[in-house]
Amino acid sequence: MSRPRVAVFRPDDGRIDDAAARLDSLGAEPVPDPMLTIEPTGETPPDADFVVLTSSTGVDTLADAGWEPGDAELCCIGPSTAEAAEAAGWTVDRVPAQYDSEGMVAELDGDVSGRTVALGRSDRASATMPEGLRAAGAEVSDTTLYRLRRPDDAGESAELAAEGRLDGAAFTASSTVEGFLRAADERGIRDAAVAGLDDAVVGAIAESPAETAREAGIEVDVVPEEADFEALARAVVERATPAE
C-alpha cells in the first residue's frame, strides 16, 4: 500500500521536524514546507492581573527571555500552550473550553471588569480578543512577542499540489494558508495549486484557518474536535490513506 504524501506547515524552529516525524510514524510521506519563521521582538508583557498567552511559541519566547508570570492569573488558549507553560515551570490558572479568541473572551468575561489584562501574541494576531476583553470592562495591553515571516524558499507543497502529487495538507494557522497561497502566487500556479488541493485531503487545526482556506476557495475536509496537531495529523492521514 502506497504512503500518502502529506504537506505540513509548522514553523522552522524544530516543530516542523517533529511534525514531519509524526506524519511518518502515522504512515504518511511527509512534505515539510515551513511557511513561518519566528523573530522574537524581545518585548515582554507588563505586570497585570491576568496574562493571556496564545501559543507555545509565545511561551517559549518568554521563557527564553527569563520572564515569569509572577502573581498574575495565567491564562493559556489551549492544551499545547498550557503544556508548554507548565514545562517552563509556570502554574496555568485558566484554559478556556473553546480554544480560540472567542473562547478566551467567554472564559474571562465577568471576571476582568476594572482589572488589567496583558496579552502576549504574534504580530499577526486578530483584534477579536482585545476588543472582546475591553468590551468586558478590562484594561488591555497587547504585547507583540514575536513576528512571523515566511522563508523565501517555502512553496514545495504548492508545486506538488499544482502537479496533482499531493494527497493531503495539514494547515495549523491562517498564516500557513496565506503563506501557501502567496508561494503559489509567486510561482504563477495559484489556480492549479488550489485545484490540486481539491483532490487532496485538506485539514485545518481549528475553525479560523479553516475559514481562511474556504474564503480562498479551498475545500476543507477535516477540522478535529480538539485544536491539536496530533489529532489533525491522524485525521488527515487516515482519510488520505488508500483503502487496501
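Q: Why is Pro 11 called buried?
A: In this predicted model, Pro 11 has a relative accessible area of 6%. Buried means under 20%, so Pro 11 is counted as buried.

Q: Where is Pro 11 found, and which residues does Pro 11 touch, not counting residues up to four places away in sequence?
A: Pro 11 sits in the loop between strand 1 and helix 1. With those sequence neighbours left out, Pro 11 touches Ile 16, Pro 34, Leu 36 and Ile 38. Pro 11 and Leu 36 are 25 residues apart in sequence, while their C-alpha atoms are 4.6 Å apart in space.

Q: How many aromatic pairs does a search of the whole structure find?
A: The search finds 4 aromatic pairs. One of them is formed by Phe 9 and Phe 180, at 6.2 Å centre to centre with 80° between the planes. Ring centres must lie within 6.5 Å to pair, and planes over 60 degrees apart count as edge-to-face, so Phe 9 and Phe 180 are an edge-to-face pair.

Q: What makes the pair of Phe 9 and Phe 180 a link between distant parts of the chain?
A: Phe 9 is in the loop between strand 1 and helix 1, Phe 180 is in helix 7, and the two are 171 residues apart. Both Phe 9 and Phe 180 are buried.

Q: Why is the pair of Trp 67 and Trp 90 called edge-to-face?
A: The ring centres of Trp 67 and Trp 90 are 5.2 Å apart and the planes stand at 80°. The cut-off for edge-to-face is over 60 degrees, so the name applies to Trp 67 and Trp 90. Trp 67 and Trp 90 are both buried.

Key:
Residues numbered from 1 in each chain as written. Predicted model: local features only at pLDDT ≥ 70, side-chain atom pairs only at ≥ 80, totals over all residues. Heavy atoms only, no water. Phe/Tyr/Trp six-rings, centres within 6.5 Å; stacked < 30°, edge-to-face > 60°. Buried < 20%, exposed > 50% of the residue type's maximum accessible area, 1.4 Å probe, protein only. Contact = heavy atoms within 4.5 Å.
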